[in-house]
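Biologist: I would like to go through this chain term by term. Please set each value against its definition.

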Amino acid sequence: MSILLKGKPVADKISESIIKEVDDLKSKGINPKLAIVRVGSRSDDLAYERGALKRCEKVGIDTIVKELKEDITQEEFIQELRKINKDNDIHGILVFRPLPKQLNEEVIKYEIAPEKDIDCFSPINAAKLLEGDETGFPPCTPMAVIEILKHYEIPMEGKKAIVLGRSMVVGKPAALLLLKENATVTVCHSRTKDLPQVAKEADILVAAIGKDRFVKEDFVKEDTVVIDVGINVDEEGNMHGDVDFEDVENKVKMITPVPRGVGSVTTSILAKHVVKACKLQNNI
Ligand code: NAP
């Protein structure tokens with residue numbers, strides 16, 4: 001039987017320390033505040049928004065939701081973003097992506113103020129991640145992966161970490177963050193040959209490919225630690241990871257569940273980044 005790496009204890013611990021930091025900021029007359037920018041009302045955005053608002057409320061962070069119409073033009077969107085950039089009461093901005101087709105993310109990503117960009121939309125924060133510059137904001141989900149590994153005292157240094165997926169949202173940043181922790185990192189993608197054999201070499205296997213229950217028992221060995229980032233919802237509305245939990249569960253050392261794994265830590269990282277942004281903006 002493998003050890004289950006649940007997200008809640010990790011999220012609770014992070015929240016505890018945020019509450020103290022927020023209290024401290026409020027005692028100085030500073031109220032950390034997050035702005036969520038949502039275009040339209042996609043169900044996955046709304047689900048994440050509910051989680052983020054709940055987490056922020058729990059730790060004392062103020063929030064506003066800027067809900068923009070689905071057919072907003074690029075120019076209108078940029079005007080809205082610039083207003084939020086300039087609002088000194090707002091310290092963190094989360095823009096839900098992907099944006100609708102008429103909005104060009106390749107242009108908009110240069111518009112968000114890097115110091116408020118708490119989920120690594122801006123190329124400045126991507127560059128800071130690459131450089132290991134800690135004044136930046138890596139994306140929240142890969143940060144959640146690292147926090148889980150740290151919380152459960154799973155050593156990363158010198159370990160072989162294999163990341164399945166190379167997106168800018170999860171795979172690549174997860175690989176860079178694992179490298180920063182001194183793991184030896186391999187990144188796999190859709191053109192990787194002999195994927196199960198490559199994956200089987202991992203001490204830490206991070207699955208972020210967006211394919212329902214794709215990782216099977218032939219991808220793992222008995223001392224693998226599996227971190228499943230995947231969120232896939234089947235026709236009955238049940239959530240599954242990128243790892244076939246039932247197939248793999250008893251074949252590995254440790255594994256995160258889906259749901260109640262990585263996803264439950266992500267909003268606490270978001271809140272942590274709002275506080276970090278607030279402190280940096282106030283020279284604290
Ligand atoms: P994505 O942008 O679709 O990227 C998927 C990556 O997986 C790509 O690099 C792709 O390779 C690779 N891939 C696809 N099929 C593959 C295969 N058969 N073999 C090997 N590699 C394959 O997805 P994403 O945004 O990174 O998200 C990944 C997963 O994480 C999804 O399930 C998503 O729902 C989940 N997610 C969870 C959270 C959370 O809070 N827990 C947050 C964000 C995302 P190529 O580059 O070669 O195409």
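Biologist: How do the residues of the lining of the largest pocket divide into nonpolar, polar and charged?

Modeller: The lining has 22 nonpolar, eleven polar and 16 charged residues. Ala, Val, Leu, Ile, Met, Phe, Trp, Tyr, Cys and Pro count as nonpolar, Asp, Glu, Lys and Arg as charged, and the others, Gly among them, as polar. This is a predicted model, where local features need pLDDT of at least 70 and side-chain atom pairs count only at pLDDT 80 or more, while totals for chains, interfaces and linings use all residues. Residues are numbered from 1 along each chain as its sequence is written, and side-chain values use heavy atoms, with hydrogens and water left out.

Biologist: What makes a space a pocket, and not a cavity?

Modeller: A cavity is a set of points where a 1.4 Å probe fits but cannot get out; a pocket is an open set with protein on both sides within 12 Å along at least five of seven lines. Lining residues have an atom within 4 Å of a point. The largest pocket has 49 of them, and Y48, T141, I231, G263 and T266 lie nearest its centre.

Biologist: Which element gives the most to that lining?

Modeller: Helix α2 does, with nine residues. Helices are DSSP runs (H or I, at least four residues), numbered from the N terminus.

Biologist: Why is C140 called buried?

Modeller: Buried means under 20% relative accessible area, exposed over 50%, partly exposed in between (1.4 Å probe, protein chains only). C140 has 1% relative accessibility, so C140 counts as buried. C140 is in helix α6.

Biologist: Which residues does C140 touch, leaving out those up to four places away in sequence?

Modeller: They are I118, D119, T266, I269, L270 and H273. Contact means heavy atoms within 4.5 Å. T266 is 126 residues from C140 along the chain, yet their C-alpha atoms are separated by 5.6 Å.

Biologist: What makes a set of residues a nonpolar core?

Modeller: The members are buried Ala, Val, Leu, Ile, Met, Phe, Trp, Tyr and Cys residues joined through side-chain atoms within 4.5 Å. The largest such core has 51 residues, and L34 and I61 are among those with the most contacts inside it. Helix α10 gives the most to this core, with nine residues. Apart from it lies another core, of 17 residues, including I78 and I90.

Biologist: Which residues does L34 touch?

Modeller: Among them are C56, I61, I118 and L270, not counting residues up to four places away in sequence.

Definitions and conventions:
1 Å grid on protein atoms, 1.4 Å probe; cavity = no way out; pocket = protein on both sides within 12 Å on 5 of 7 lines; lining within 4 Å. Helix = DSSP H or I, 4+ residues; strand = E, 2+ residues; numbered from the N terminus.
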